[in-house]
Amino acid sequence: MLTRAHAFALTGLDATPVEVEVYTADEPKNACFTIVGLPDKALQEARSRIRSAAFAAGLNTTESLMLVNLAPAEVRKEGAGFDLPIALAVLAGHHQVDERLVDEVAAVGELAFDGRLRPVPGILSIAEAAVRAGRPVLVCPSACAAEAALVPGCRPLGCVSLQHAVRVLKGEQQPEQVDRGATALDEPIPDLADVRGQPSARRALEVCAAGGHNLLLVGPPGVGKTMLAKRLPGILPPLDDEAALLATRIHSAAGVLSPGAGLLRVPPFRAPHHSATTPALVGGGTRIRPGEVTLATGGVLFLDELPEFRRDALEALRVPIEDGHVRISRASGSVQLPARFNLIAAMNPCPCGGGGSSGCTCARERVIAYQRKASGPLLDRIDVGVRLERPAPEVLRVDRPESTATVRDRVFAARERQAARGCINGQIPVDLLDHHAPLDDACTRLVDEAERRLALSPRGLHRIQRVARTIADLAGSDAIAPPHVAEAIAVRLGAIA
Amino acid sequence: MIELPRDDPRYPTRLDDLADPPATLYVREPVQPDALGELLRPPIVAIVGSRNASAAGIAFATRLAGELAASGVGVISGLARGIDAGAHQGTLDRSGRTVAVLGCGIDRDYPSATIPLARRIAAEGAILSEYPPGTPPAPFRFPERNRIVAALADATIVIEAAARSGALITARLALDLGRDVLAVPGAPWSSGAEGTNLLLKDGALPLTAVADALVCLGLDPGTARVDDPAIDASARRVLAALRREPASADVLAARCGLTSSAAAALIAELELKGLLVRELDGRLVPTA
């Protein structure tokens, strides 16, 4: 007989409905178990898991002829999430459960040999697709039910095993309780007040948070570059509903969402190691997975030891930084993933790491060459550069760092001013710069002087204008005044080398 | 390219003071050989110093050369990175006379860091060498080149030099030729001042302002046009704190009791007026 179940194929962040058709016949002489319809390796191996799990559920399938078709045939199907829907259709084909019940719901989950259900990535995308496909009831591993419940309209049936799923469908047993109130286990973000003795670096962080500017931190090892970067999510605006759902879907599809975590409200902080490959950073692989740039969406991408990153990986970052998304092309088609984040890069000031100061043996020209080469591919995407030193005692004596809460208030106020203009400062297009960030005569004189004396490129001047707009917004000023422009000139990237 | 053999009337007569004057001088186009006499006429000084000079040293060389140019003094140097490049640049900025003497063939783009500067000097001043075109740069040629620099100038000014700098060779050659040597004094704990302080001990004239050079050349120091840009009280206070001791932006803000935001604005203002420079380690150093 022919039975049906409903599964989903995950491509990037999107799930496509897949119909599972199983033809079952009791023909011991021709016993076989075949899956057709572009399944990958993990899916081929589903046969062993399904047979074993079915056996655990009290069904011997070794004497049956079973043909499984996954439609549409041209969609590539990957992963172990198809185990449960196929198993349900197989059980229905053996009259263990009503085929109409199986046909009515959507299902996802990986099977263990003893029939237990294991969680799979991308549940949020799958639940959305299930609701869209008109099958809001989703039979899924109990570990995934809370995540599926985040999708409005979705009614997840969290099950611990294949046997449990069958009994739930028959109405003989209740599904596992879904804790809808679950929210992200907020790992407390460390406070900005901990960063003592680095007032200008804290200020640079505030400016970058307020205007969505990219930041380069230059300083010897151990001065607090990482410490500072980790505090940026705390002063960024929390994710609104739409952004939170997107971030959660991204993390779910990448399989990095902790089970039962609920919606991600805190801006993500991603710090890939400098040995990261290009696909790891921008996404890709045969099975398209979101990269670090996508995972950082709405939050922070921190590149520590910038010069150590592979050059091709840094080159690949240019497009996402500029466009706010990445496009991953494969023979099977291309996928566009979001990638809008605050970039913080950090590096040592010179090859020896000593910092051009005492103990450093590098010649001036070598230091300049090192800094240029390191920041090269991303140089024209970074707006603010700041130099960190070991805090001097006289700075520590007078430095009274503000708390994250205080700085966050100023950042929020500045963001609101930008929202009213309809454009975040770091992304004001060149043709709208003079509209959103007009400069009066005194400010123009300063910019002209900077162009003449500091040999700034037109692009560098635009960057100063954008940063000056943010500094004015932080000061609560509608007009950009000369001190705002002067500070923007002082924190330009070129000032660090 | 123009070749000037020793018997050419346009060959600089000052080179005859040398024990081993160059047999031929090569001058890069487009300069007219007749213009060479005007470019090299007195008063003219050599400004030399370390290739790995501090940003403050380079800024001082640029400013001094500019002020000398404004007083009609020509500037000779070696087109190296650091002090040399600063001196040429300062002269060109004030449309002064500047001549670069190379330690390689005049057709060589060396060092690469000064190629754009070399183009300007070739167009507005002169680039010359005693080596035939195509001669590659080599360490042993630079001291040879230095004797030409010393001989062409009325006086040699050393701005920043380590204890074993090539600039000291130029200074010694100048003394041997009976020309004046001026050196910029520095703090004894600064490695860039070792060479210049050594020269001062040996009897070089101290130079702390353009007037010192003008007096040495027999010119009226009153004609020196020293720039004094207008700055307000808080900027003046920042500059005074840095004169006491160069400092990073954070230390400066702490010393002057400013927020880092206010300090940054003042620093940018002073930087734009050329009154301070940033060293590679992030310290801010006043230029005057």
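Chain B of this predicted model holds an open sheet of nine strands with mixed pairing, in the order β1-β2-β6-β5-β4-β3-β7-β8-β9. Strands here are DSSP runs of E with at least two residues, helices are runs of H or I with at least four, and both are numbered from the N terminus. Two strands pair when DSSP finds at least two bridges between them. At the edges of the sheet stand β1 (2-5) and β9 (205-206) of chain B, each with a single partner strand, so one side of each has no neighbour in the sheet. Strand β8 (residues 180-183) of chain B runs parallel to β9(B) and is joined to it by two bridges. Within this pair, B:Leu182 sits opposite B:Leu205 of β9(B). Helix α6 (residues 166-176) of chain B packs on the sheet and touches β3 (44-48), β7 (155-158) and β8 of chain B, with its direction at about 155° to that of β7(B). Touching means contact, that is, C-beta atoms placed from the backbone that lie within 7 Å. Axes are lines fitted to C-alpha atoms, for helices over the stretch in contact, and angles run from 0 to 180 degrees between N-to-C directions.

Residues are numbered from 1 along each chain as its sequence is written, while chains are lettered from A and ligands numbered from 1 in the order in which they are written. As for confidence, local features need pLDDT of at least 70 and side-chain atom pairs count only at pLDDT 80 or more, whereas totals for chains, interfaces and linings use all residues.

Also in chain B, the axes of helix α3 (residues 83-93) and helix α4 (residues 115-124) come within 11 Å and cross at roughly 50°. That makes α3(B) oblique to α4(B); angles under 35 degrees count as roughly parallel, over 145 as roughly antiparallel, 65 to 115 as roughly perpendicular, and the rest as oblique. B:Ala85, B:His88, B:Gln89 and B:Leu92 of α3(B) meet B:Leu117, B:Arg120, B:Ile121 and B:Glu124 of α4(B). Sorted by type, the residues of this contact are four nonpolar, two polar and two charged. Here Ala, Val, Leu, Ile, Met, Phe, Trp, Tyr, Cys and Pro count as nonpolar, Asp, Glu, Lys and Arg as charged, and the others, Gly among them, as polar.

Over in chain A, there are 21 helices and 16 strands, and the C-alpha trace spans about 90 × 45 × 40 Å along its principal axes. Helix α5 (residues 123-132) of chain A has eight of its 10 residues buried, so it is largely enclosed by the rest of the structure. Just after α5(A), A:Gly134 takes a positive phi of about 80°.

Most residues other than glycine have a negative phi, and most peptide bonds are trans. A:His95, not a glycine, has a positive phi of about 60°; this residue is exposed, with 12 other C-beta atoms within 10 Å. B:Ser95 likewise has a positive phi, of about 55°, and lies in the loop between α3 and β5 (98-101) of chain B. The peptide bond from A:Ala71 to A:Pro72 is cis, with omega near 0°, and another cis bond joins B:Pro42 and B:Pro43, with omega about -5°.

Definitions and conventions:
A residue is buried if 20 or more other C-beta atoms lie within 10 Å of its own, exposed if 12 or fewer, and partly exposed in between; C-beta atoms are placed from the backbone. Two residues are in contact if their C-beta atoms, placed from the backbone, lie within 7 Å.
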